[in-house]
Amino acid sequence: MKTTWLVMTGIVMIASINAMRVRAETPKVLQGIGFDQRLDAQIPLDLIFTDDTGRPIKLGEYFGEKPVILALVYYQCPRLCTLVLNGLVQGMLEMPFTAGKEFEVITVSFDPRETWELAASKKEAYLQRYGRPDAANGWHFLTGDEQQIRRLTDAVGFRYRFDEAQKQFVHASGIMILTPQGKLSRYFYDVRYSGRDLRFGLIEASHNKIGSPVDQILLYCFHYDPTLGKYSASVMAFVRAGGILTMLSIAGFVLVLVRGGRARRSG
């Protein structure tokens, strides 16, 4: 009992310290950026986007029968969105399921300046990488206007911002799984999505099951200073702090376990 109490106390203390440090050290540019997990929320299926053939299409046309993976990116992103799509296609390759058969994939640009021709080019590149027959009918690359995009990003809790100085978006990485009816079932963060996790998420969503909130371990698309050829000092400090805090949390947790074990043996 004493060991359990020590472990729980240690976890709470570590989590509290980490939360305070992250809030204090988050660069101003990243404040307000991330995801709100709106599990079981219904996305608006009446939204009109432009598909990768230049045809206006209602979002609801992709729903009704299969679960859906949704990725919000922009096609001219300098780095992070490419990592998200690379991670997604790798996870899809690890699954026995195939896009267009057991599930749909919708990739939506949140940059209203981007065109369907750019979306088509991205689709062609990723379909070649995916390399599965008939996947073209199951992986959709969309563009849209500001109003439609905002309605979708607000519905899924995706918070991002355009930086006028850098002419780039500040945003975080992640994908979502939705039920065939368009309800948010699960969020996945980072840029690596294991085939096993995606498969289980799709199976749950296909049965209209809603997952539980998960810890947000986010990567961000930061400002890049072309005059220096590197990220700003504040951003790099944040990245390093995140790594250090993770290691300290693990070390602290192990220390609590060891001390608890010694106390139990001596008692």
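So, to start: how many aromatic pairs does the count come to by this rule? It comes to 16 aromatic pairs, where rings of Phe, Tyr and Trp (its six-membered ring) pair if their centres lie within 6.5 Å, with planes under 30 degrees apart called stacked, over 60 edge-to-face and the rest tilted.

Before I go on, a bit of housekeeping. This is a predicted model, so local features need pLDDT of at least 70 and side-chain atom pairs count only at pLDDT 80 or more, while totals for chains, interfaces and linings use all residues. Residues are numbered from 1 along each chain as its sequence is written, and side-chain values use heavy atoms, with hydrogens and water left out.

Okay, back to the rings. Take Y126 and W139: they make a tilted pair, 6.1 Å centre to centre, with 50 degrees between the planes. Y126 sits in helix 3 (residues 116-130) and W139 in strand 6 (residues 139-142), so this pair ties together parts 13 residues apart in sequence. Helices here are DSSP runs of H or I, at least four residues, and strands are runs of E, at least two, numbered from the N terminus. Y126 is buried at 6% relative accessible area, and W139 is buried at 0%; buried means under 20%, exposed over 50%, partly exposed in between (1.4 Å probe, protein chains only).

Then there's F158 with Y160: ring centres 5.2 Å apart and planes at 20 degrees, so that one is stacked. F158 is buried at 2%, and Y160 is buried at 8%. Both belong to one aromatic cluster, which also includes F35, Y74 and F110.

Now for charges. The structure holds twelve salt bridges, meaning a side-chain nitrogen of Lys or Arg within 4 Å of a carboxyl oxygen of Asp or Glu. One of them is E104 with K66, closest N and O atoms 3.5 Å apart. That pair links distant parts of the chain, 38 residues apart: E104 is in strand 5 (residues 104-109), and K66 is in the loop between strand 3 (56-58) and strand 4 (68-73). Both E104 and K66 are buried.

Compare D36 and R38, where the closest N and O atoms are 3.7 Å apart. D36 is partly exposed at 28%, and R38 is partly exposed at 35%.
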